[in-house]
Amino acid sequence: MASPPLRLILASGSTGRRYLLSREGYQFEVMPSGVDEPTGAGVTDIRAFVHQIAWSKAAAVAPKIEAGLVIAADTVGWLDGQVIGKPEDENDARRILTTLGGREHELWTGTVLWRRPGDVQIAWQEKSDVFFRKLSKDEMDAYLATRQWQGCSGAYAIQEENDPFVEVRRGSVSNVIGLPMETLERLLGKVREL
């Protein structure tokens, strides 16, 4: 007899993460964690940083669930030993995009799967190497006017195909969107068995 489907809870309000899960046909609930994301000032270990935030998000939601699997994630950019977070406003987005322009940076996602009951947890971090094209003043103004940068680490949202500004050179495009789907799909089966 097949086991019933596992109730999935996304501990995030991210439209990108919802899109990725929906596109792959997953049925899930959205329950944002409400965890304030730190600025990343003074961070020296980006991998530990994204892990801690993702774990904090999962830990905020898991106690509210009697049975199911919480999926929590945090995605940030990393350049020159500094966290590139979400822009505060349009001027900050311009500053971030100017800094990234014409350079390759790392995009890290920390992900935690937390199964209830039993509190079994699987955590991992993934890196994608991303090149953001240097924008002219007109391109920058036009891009900022789209508001696509709002709520996005690095002040950009990647298009999956033929993005005019963003190129994933190594790693997963879904990781850049905010949830490394290839690894997630593999581990969802394993967490049921643990």
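Tutor: Let us begin with the cut-off for burial: a residue is called buried when its relative accessible area is under 20%, and exposed when that area is over 50%. Please keep in mind that this is a predicted model.

Student: How do you know whether T75 is buried or exposed?

Tutor: T75, which is found in strand β3 (residues 68-79), has a relative accessible area of 8%. The limit for buried is under 20%, and T75 is therefore called buried. Its contacts, leaving aside residues up to four places away in sequence, are with R17, L107, W108, T109, S153, N175, V176 and G178.

Student: What makes the pairing of the T75 and R17 side chains a polar contact?

Tutor: The distance between the side chain of T75 and that of R17 is 3.2 Å, and the definition asks for a pair of N or O atoms within 3.5 Å, one able to donate a hydrogen and the other to accept it. The pair is accordingly listed as a polar contact.

Student: R17 also touches S12; why is S12 called buried although it lies in a loop?

Tutor: The loop in question runs between β1 (8-10) and α1 (15-23), but the word buried rests on accessible area alone. S12 has a relative accessible area of 7%, so S12 is buried. Besides R17, S12 touches V30, M31 and P32, when residues up to four places away in sequence are not counted. A polar atom of the S12 side chain also lies 3.0 Å from the backbone nitrogen of S14.

Student: What is the value behind calling G110 buried?

Tutor: For G110, in strand β5 (residues 103-116), the relative accessible area is 0%, and G110 is therefore buried. Among the residues that G110 touches are V50, H51, A72, W124 and Q125. The C-alpha atoms of G110 and E126 are separated by 6.6 Å, although the two residues are 16 residues apart along the chain.

Student: Why are α3 and α4 called oblique to each other?

Tutor: Helix α3 (residues 90-100) and helix α4 (residues 137-146) pack at an angle of about 130 degrees, and their axes are 11 Å apart. Roughly perpendicular covers 65 to 115 degrees and roughly antiparallel begins over 145, so α3 and α4 are oblique. The contact between them is made by E90, A93, R94, L97 and T98 of α3, together with M140, D141, Y143 and L144 of α4.

Terms used
Residues numbered from 1 in each chain as written. Predicted model: local features only at pLDDT ≥ 70, side-chain atom pairs only at ≥ 80, totals over all residues. Heavy atoms only, no water. Helix = DSSP H or I, 4+ residues; strand = E, 2+ residues; numbered from the N terminus. Buried < 20%, exposed > 50% of the residue type's maximum accessible area, 1.4 Å probe, protein only. Contact = heavy atoms within 4.5 Å. Axes fitted to C-alpha atoms, helices over the stretch in contact; angles between N-to-C directions. Parallel < 35°, antiparallel > 145°, perpendicular 65-115°, else oblique.
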